Amino acid sequence: MLAILSANWTEGAPAAEAEEAGHGWSQPSGPAGNLSSPPPATSGAPGPPWSPSAPGPSGTNLTNQFVQPSWRIALWSLAYGAVVAVAVFGNLIVIWIIVAHKRMRTVTNYFLVNLAFSDAAMAAFNTLVNFIYALHSEWYFGDNYCRFHNFFPITAVFASIYSMTAIAVDRYMAIIDPLKPRLSATATKVVIGSIWILAFLLAFPQCLYSKTKVMPGRTLCYVQWPEGSNQHFTYHIIVIVLVYCFPLLVMGITYTIVGITLWGGEIPGDTSDKYHEQLKAKRKVVKMMIVVVVTFAICWLPYHIYFIVTGIYQHLNRWKYIQQVYLASFWLAMSSTMYNPIIYCCLNKRFRAGFKRAFRWCPFIEVSSYDELELQAARFHPTQQSSLYTVTRMESSMTVVFDPKDTENSKSSRKLRGASREPSFNGCSRRNSKSASTSSSFISSPYTSADEYS
């Protein structure tokens, strides 16, 4: 998961020759500082897998068993190019849908913007560069970009996974304890800013120790840890725990509790349309986010397993097919950046309407009036007077006026006039709305509509 996104084997002349050159790197990491890099090649052994050619002790070049035929390079290039294109454009459209439509600006969607930005940035700035480095074992992009290339992927992955974690915690609080105040827009921005600050701190060593080295015939980009391989492996384990194991554990616990709450039962006797509308909306949002989290976990699992296994059994780095295994696991990890827009489009009607608007220029895409309505402003609007609230729905509207200065007689007369058309909030009459809200974890405040959850 870490932006440790590249193969260590792409570097490396024999260790003895590196030391003779005064370099002294005991365990360089790959283009992005791999999680557990194989040891440097020993004297007299060929260079790391798929290095173009590594000079032997006598100065002769050894045969490189990892040179790929042109057709295979073309297929891998097409696969990686498709990931980058879908991830960048799909996530930019997600950002546009949320930012350009007021109805989409909810707490959950603010975190989705952060998640989309992280995924798009990683696909744009890291995936193809890492793929090129893995294929050619040649760093073409300079010293400054080497530092950025080692630093940014960990930052982006950290921001992505903790945006998902923040959404899980927010859903937990909204559903398990709905009467507590929700995160404000300001508090949400503070949380997002804190996520990025922590991500920068975690990835900073990758930037600090990044180096480029000009070798005979090629240039390398790697991370040179002061204390060698042990320090590198320790950092690798810390990153795996912080950006994979811990957040997935937190999300697993929260979504399990939320799932039991939402699907485990309903309020006895409460069959109102409003109650079921909110319950259904909450289930849809939680289901969508569970799919996002599971997809992320599945995509990154083989990548982590690969580096753990090759770190323990280092002889596997010389296996004939190890390059293909790496490229496949790295492609699957990077493909996690392109699935989220597809998931949103399939499982959320408002995102689906937004994608239709974005692609309305296509001849086979038709935007209906219902799609336009889905992205209009929210149906609940407080007026300028604090005691007056208007609740509108597509099929009807009503106004409820609360005036604390009214006398008891005026209250009675108003109740008599409205007895035949007493409005309801969240499936309960106005007289019972407070008691219904406190008795159910599914029902939020009397003025919360299903828009907030769908």
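Modeller: In this predicted model, the axes of helix α8 (residues 322–347) and helix α9 (residues 349–358) come within 5 Å. These axes cross at roughly 110°.

Colleague: Is α8 roughly parallel or roughly perpendicular to α9?

Modeller: The axes of α8 and α9 cross at roughly 110°. Angles of 65 to 115 degrees count as roughly perpendicular. Therefore α8 is, relative to α9, roughly perpendicular.

Colleague: Which residues of α9 make the contact with α8?

Modeller: The crossing of these two helices, α8 and α9, is left-handed. On the α8 side, the contact is made by Pro-341, Tyr-344, Cys-345, Cys-346 and Leu-347. On the α9 side, the residues are Lys-349, Phe-351, Arg-352 and Phe-355.

Colleague: How many residues of the contact of α6 with α7 are nonpolar?

Modeller: The axes of helix α6 (residues 229–263) and helix α7 (residues 273–312) come within 10 Å and cross at roughly 155°. Angles over 145 degrees count as roughly antiparallel, and α6 and α7 are therefore roughly antiparallel to each other. By class, their contact has two polar residues, three charged residues and, as nonpolar residues, 20.

Colleague: Is Leu-128 buried, partly exposed or exposed?

Modeller: Leu-128 lies in helix α3 (residues 107–136). Beyond its neighbours within four places in sequence, Leu-128 is in contact with Tyr-80, Gly-81, Val-84 and Ala-123. Buried means under 20% relative accessible area and exposed means over 50%. Leu-128 has a relative accessible area of 34%, so this residue is partly exposed.

How values were computed: Residues numbered from 1 in each chain as written. Predicted model: local features only at pLDDT ≥ 70, side-chain atom pairs only at ≥ 80, totals over all residues. Heavy atoms only, no water. Axes fitted to C-alpha atoms, helices over the stretch in contact; angles between N-to-C directions. Helix = DSSP H or I, 4+ residues; strand = E, 2+ residues; numbered from the N terminus. Parallel < 35°, antiparallel > 145°, perpendicular 65-115°, else oblique. Nonpolar A, V, L, I, M, F, W, Y, C, P; charged D, E, K, R; others polar. Left-handed = near helix turned anticlockwise from the far one by under 90°. Contact = heavy atoms within 4.5 Å. Buried < 20%, exposed > 50% of the residue type's maximum accessible area, 1.4 Å probe, protein only.
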